[in-house]
Amino acid sequence: MEKERGSYFIQPFIGIAMAPSDLAYKGITREGSISTEVGHILGASFGKRWDNLEGEIHFGYVNSNYGEVTFPGAPSATPADGQLEVFQIGTRLGYGIPFGEGGWFRVAGGFGFASRRDVLNLDSSDSYISSETVFTYDLLLGLGYEVGLGLDAFLAYRLLGVSENGNFDSVALHLFQLGLGANF
């Protein structure tokens, strides 16, 4: 990879974020299950290659909206709104394999930290807000192709695990990323 693509890379990306269908909330007086919606992700990766081994640092912002809340024993779901926000910085170590005339496959894993903010507003005057710095881990599978001299287009699937935040349970986000990267 280093000989074919270059020693360094920058890869900005956008994509969609899919949280699990329900996220547990455990308050002092109430426990519930919050439905989640499809969100989005923006970010960038900066890295170095040593033959096929790759190390990187990445930054990202993930946002996913909350929907209704189901409380045990309640006859129906309670309308709600709110969101999950994650500002992440992390590192990854990966391995890239070139194939064909300009393609590559990449697998990587890493960890990092994030500022996680959860906001949940119920239809009544109840609001639950929590913001903490939390631990993250991620696994990435990527596929790319050289589209021009030093430029790669890529698709990636990333599993991002984010630790619990106050009364909001930990979450594993499924991220589908699309980007255009530069190699030098």
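Guide: Contact here means heavy atoms within 4.5 Å. Among contacts in the protein chain between residues at least 6 apart in sequence, 65% join residues at least 24 apart.

Visitor: What kind of model is this, and how are residues numbered?

Guide: This is a predicted model, in which local features need pLDDT of at least 70, side-chain atom pairs count only at pLDDT 80 or more, and totals for chains, interfaces and linings use all residues. Residues are numbered from 1 along each chain as its sequence is written, and side-chain values use heavy atoms, with hydrogens and water left out.

Visitor: How do I read burial? How many of the 184 residues are buried?

Guide: Buried means under 20% relative accessible area, exposed means over 50%, and partly exposed lies in between (1.4 Å probe, protein chains only). Buried residues make up 47% of the 184 residues.

Visitor: Where is R158, and why does R158 count as buried?

Guide: R158 is in strand β9, residues 151-162. R158 counts as buried because its relative accessibility is 1%. Leaving out residues up to four places away in sequence, R158 touches several others, including F13, H58, D138 and L173.

Visitor: Which side chain makes a polar contact with that of R158?

Guide: A polar contact is a pair of N or O atoms within 3.5 Å; within protein, one must be able to donate a hydrogen and the other to accept it, and residues adjacent in sequence count only if both atoms are side-chain atoms. The side chain of R158 pairs with that of Q88 at 2.7 Å.

Visitor: Where does S163 lie?

Guide: S163 lies in the loop between β9 and β10 (171-183). S163 is partly exposed, at 26% relative accessible area. The side chain of S163 reaches the backbone oxygen of F135 at 3.0 Å. S163 and S124 are 39 residues apart along the chain, and their C-alpha atoms are separated by 28 Å.

Visitor: Which residues have the most contacts inside the largest nonpolar core?

Guide: A nonpolar core is a set of buried Ala, Val, Leu, Ile, Met, Phe, Trp, Tyr and Cys residues joined through side-chain atoms within 4.5 Å. The largest one has 28 residues, and V62, L120 and L173 have the most contacts inside it. β7 gives the most to this core, with four residues. Among the residues that L173 touches are V62, L84 and R158.

Visitor: Which residues form the nonpolar patch on the surface?

Guide: Patches are made of residues with over 30% relative accessible area and no salt bridge: like charges are joined within 9 Å, nonpolar side chains (Val, Leu, Ile, Met, Phe, Trp, Tyr) within 5 Å. A salt bridge is a side-chain nitrogen of Lys or Arg within 4 Å of a carboxyl oxygen of Asp or Glu. Accessible areas come from the Shrake-Rupley method with a 1.4 Å probe; for residues, only the protein chains shown count as cover. The patch is formed by Y8, I10, F46, I57, F59, I89, F111, F113, F135, Y137 and F184, with about 1,000 Å² of accessible area together. β1, β5, β7 and β8 each supply at least two of its residues.
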